[in-house]
Amino acid sequence: MSNDSLPDFNATGQDFGRREHLGYSGPPIIDIHAHVTMTRPDETAEGVPNAAELMLATAAEFGIGRTYSMCPPQDIVPLRERLGAAIAFNGMISKKPDEPDDAAYRTLDQFLQAGIEIVKLWAAPRGRDRGLVLDAPWRIEAVKRARAAGIRVVMVHVGDPDAWWTHTYQDVTKFGTKADQYLPLRKMIELFPDLTWIGAHMGGDPEPPDHLERLLEEFPQLHFDTSATKWQVREVSRHRDAVRALVCRYPDRFLFGSDLVTGHAHVREHYVSRYWCQRTLWESEWTGPSPIHDPDYTPGEGEGARPTLHGLNLPGDVLAKVYSGNARRILG
């Protein structure tokens, strides 16, 4: 079979059943960043195949014992009934541009009543047209209300891959530079220094690990998750030694995340590919072409036609914190 006929989730024909390089044997892994939803209305019916169940059954194969999901508030009860302790919830606080601020507060109230443990603020540059800036007044008020209700952890998405500033975000007068994305983040952490902050997708900036280190040094309440598999495989592998050294210097500040999204059309191997790559990246010395198609990859000097996955082989004590211990400590 040629590579052209292989699926995007396994463009190299990798045998994902080969897992002897995955040596972690500590407590069950916690996936702090995923999007598990009810993908069809009839999935609430007994006996109807459920994408969420397929995804989390696959997660369990890879040692993941609990997944924190971002989903609509109405999905929380049926997901909890089906999945029990394997799932917990992160409430994404948002609203449409033409909606009043109360719309965001009503959504927050629904999430709080459903028992979320984290709130999420999505503030990628492409959300600016919709008013989804991180430090918008209604978001500041929402965090105040969440804090008053007992929430102590806020996840944020700022930044996007460097490559996107060569196409999606070329108009920096509209989207700002990548460095501009971190000004509202600093403001929010300074406004709420008593909260724990999680920067999604390695803080949105795995490309220069020294920037991540400066943020960790400046804000002791800031953490990063490892989610967005293609992005992390591409850029963490490119900076393998620097990122490994960074995680080892700050082992209490990184959390495992996948950013996997349920979809009723996804086959099991789609989920397998992401879990296999994430664990391979962090805990092994495996080196080879990434099996997942990556449209953001442009070969640099001396690089091959496909991005390389270059495992970090984190020490066992560091890995245990990243995979499980830090999330348990933060979330109790």
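Visitor: On what basis are the values given?
Guide: Residues are numbered from 1 along each chain as its sequence is written, and side-chain values use heavy atoms, with hydrogens and water left out. In this predicted model, local features need pLDDT of at least 70 and side-chain atom pairs count only at pLDDT 80 or more, while totals for chains, interfaces and linings use all residues.

Visitor: How is the pair of Phe192 and Trp197 classed, by the distance of the ring centres and the angle of the planes?
Guide: A search of the whole structure finds 10 aromatic pairs. Rings of Phe, Tyr and Trp (its six-membered ring) pair if their centres lie within 6.5 Å; planes under 30 degrees apart count as stacked, over 60 as edge-to-face and the rest as tilted. The centres of Phe192 and Trp197 are 6.5 Å apart and their planes stand at 45 degrees, so the pair is tilted.

Visitor: Is Trp197 buried or exposed?
Guide: Buried means under 20% relative accessible area, exposed over 50%, and partly exposed in between (1.4 Å probe, protein chains only). Trp197 has 0% relative accessibility, so Trp197 counts as buried.

Visitor: Which buried residue of H3 has its ring under the charged end of Arg145?
Guide: The buried residues of H3 include Ala104, Tyr105 and Phe111. A charge sits over a ring if NZ of Lys or CZ of Arg is within 6 Å of the ring centre and within 35 degrees of the ring normal. The charged end of Arg145 lies 3.9 Å from the centre of the ring of Tyr105.

Visitor: Which helix supplies the largest share of the lining of the largest pocket?
Guide: The largest pocket has 21 lining residues, and among the closest to its centre are Lys230, Asp259 and Arg274. Helix H9 (229-238) and helix H11 (268-283) each supply at least two residues of the lining. The largest share, 4 residues, comes from H9.

Visitor: How far apart in space are Ala163 and Asp296?
Guide: Ala163 lies in the loop between strand E5 (153-157) and helix H5 (172-175). Ala163 and Asp296 are 133 residues apart in sequence, and their C-alpha to C-alpha distance is 6.5 Å.

Methods:
1 Å grid on protein atoms, 1.4 Å probe; cavity = no way out; pocket = protein on both sides within 12 Å on 5 of 7 lines; lining within 4 Å.
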